[in-house]
Amino acid sequence: MKKSSVLLLVVILAVIAGAFFLKNEPKQAGLLNGAKSKYDLSFVLDDVEKGHFTASSKIEVENASGDSWDHLQFYFIPNAFTQGNKPESVQGTATANIANVKLNEKESKYTLTGDQLEVDLDEKLEPGKKVKVTIDYDFTVPSGSMRFNRDGDNFHLAQAYPMLPTYQNGEWNQVPYSSNYESYHTGFSDFTINAKAPKGYSIVSTAGQDFDLNKNSGEVSVENVKEVYLAFLKGDEMVTRSAGDIEIRVFSDQEHKDLINFAADIAEKAVDYYTENIGAYPDEQLDILLANDLALGMEYPGIVQAKAHSNYYKDLQNTVVHEVAHQWFYGIISNDPVRDPWVDEGITEFATVLFWKDKMDNTEKEARRILDLRLKVAERRGFEPQPSNLPAYSYDQTASAFVYGQPADKLWSLFKKYEGTKTAREFLQAYYNKYKYSQVTTEEFVSFTKDYFDMEDNLFFEDWLKLNGISKE
Ligand SMILES: [Zn+2]
């Protein structure tokens, strides 16, 4: 062959190979996020009496969108608990002070309104470019609070650092803090955390390889999580269980330690069930805190919290199972808790009922106990029916019925039509495999479910989802 023909052949082969690889590159499912971040955090508990922490966050922010940015936005949630900003239901008052904000080591201007921190960029951050943001700050933790809470000498640090919102559909996706729902939405990020406390404290966090419980300081890191949570604990009881390779640790204060084994036993079974039937748990450890908090329960990656109320141990166990299920539906499969709160809450509630029926062999009535209670309260109080996929701020007292209860009830009736629990397990597994580390919207869920069951129209969704703008095919 002539040299030119060889060259031509090489070019043709390269084009074919290129087309082949392009076609086979897996397309990221779900809604994309144009704001990427990597965190290096530090927290020092330096005054227990005041509940005072000195903190620093170094955040590498990457513009992965197609737009030029002239500013950055962050959630700075400690400031939502200060005098004048805090929710009425919170007893104590936080303080939160930013000492300085630096961009690539240079002092920068910023504005802070409630929990919304806006940082000016000297020059525009173009697509594909990164900037290093350093924020030094300090705060105190309010008691009688939710999530970001002081419980005796224990400190629960939820969202205690500046968090980068998602950048979606050409804008920063951020709403002001609300205590009525989860008002923050973040992408998957990597974290390194340094923490230090006075002697006698143990530090427990999102990380799978966690702080040494016998030391009062250390460094941990964790990858690909939506957020990180830390608890500084003093004198808590702990029990452990294992589910396969996963270690489960349950912590409780002395007052509620009689509940600790109820929580541990059910957590072990739930982790077993979900790893076996839905998909792998991403780390080697899951922590459960029994705590005094205004919230009944709350999920964070690698760690969950359940209210230590001893009225009825089965209620506590149901909360634990619900929060454990969130490790899959929220922790691994993401959704926007403001725009689509039902996507994790409804499916988590469904997965909870499924666990009680399928793994624990409860009757259907027993398995649906909390779900039916949610629906009954709505009936008794005469709530007007609402679709399940409205934004979180559209529900007042009605979220329990319509964001949690209604989707779980509808899915339950769907799977009963299709051979029940076996189909439900397979469906959730296929859903996990398609959407792990992606963000699911209502539209995406509808299209996935229709494909899965070969539905020809939207009939199944019509009486519980608002379908404006969602394809009928
Ligand atoms: Zn939940």
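The chain is assigned three domains: domain 1 (31-231), domain 2 (236-327) and domain 3 (341-461). These bounds come from an automatic or database domain assignment. The model is predicted: local features need pLDDT of at least 70, side-chain atom pairs count only at pLDDT 80 or more, and totals for chains, interfaces and linings use all residues. Residues are numbered from 1 along each chain as its sequence is written, and side-chain values use heavy atoms, with hydrogens and water left out.

**Domain 1 against domain 2**

- The C-alpha centres of domain 1 and domain 2 lie 24 Å apart.
- Domain 1 brings 28 residues to the contact and domain 2 brings 22 residues (contact: heavy atoms within 4.5 Å).
- About 1,800 Å² is buried between domain 1 and domain 2, with 55% from carbon and sulfur atoms (buried area: the accessible area, 1.4 Å probe, that two parts lose on being put together, summed over both).
- On the domain 1 side, Arg147, Gly208 and Tyr229 lose the most area to domain 2, together 26% of what that side buries.

**Polar links across the interface**

- Ten residue pairs are in polar contact between domain 1 and domain 2, both residues at pLDDT 80 or more (polar contact: a pair of N or O atoms within 3.5 Å; within protein, one must be able to donate a hydrogen and the other to accept it, and residues adjacent in sequence count only if both atoms are side-chain atoms).
- One salt bridge is counted between domain 1 and domain 2 (salt bridge: a side-chain nitrogen of Lys or Arg within 4 Å of a carboxyl oxygen of Asp or Glu).
- Asp210 and Arg249 pair in a salt bridge at 3.0 Å, N to O.
- A salt-bridge network links Asp210, Arg249 and Asp287.

**Other salt bridges**

- The salt bridge count comes to 17.
- Arg150 and Asp153 form one at 3.2 Å, N to O. Arg150 is buried at 15% relative accessible area, and Asp153 is partly exposed at 35% (buried: under 20% relative accessible area; exposed: over 50%; partly exposed: in between; 1.4 Å probe, protein chains only).
- Arg339 and Asp336 meet at 3.5 Å, N to O. Arg339 is partly exposed at 42%, whereas Asp336 is buried at 1%.
- Arg368 and Asp372 meet at 2.8 Å, N to O. Arg368 is buried at 11%, and Asp372 is partly exposed at 22%.

**Asn458**

- Asn458 counts as buried, at 5% relative accessibility.
- Leaving aside neighbours within four places in sequence, Asn458 contacts Val446, Lys450, Leu467, Ile470, Ser471 and Lys472.
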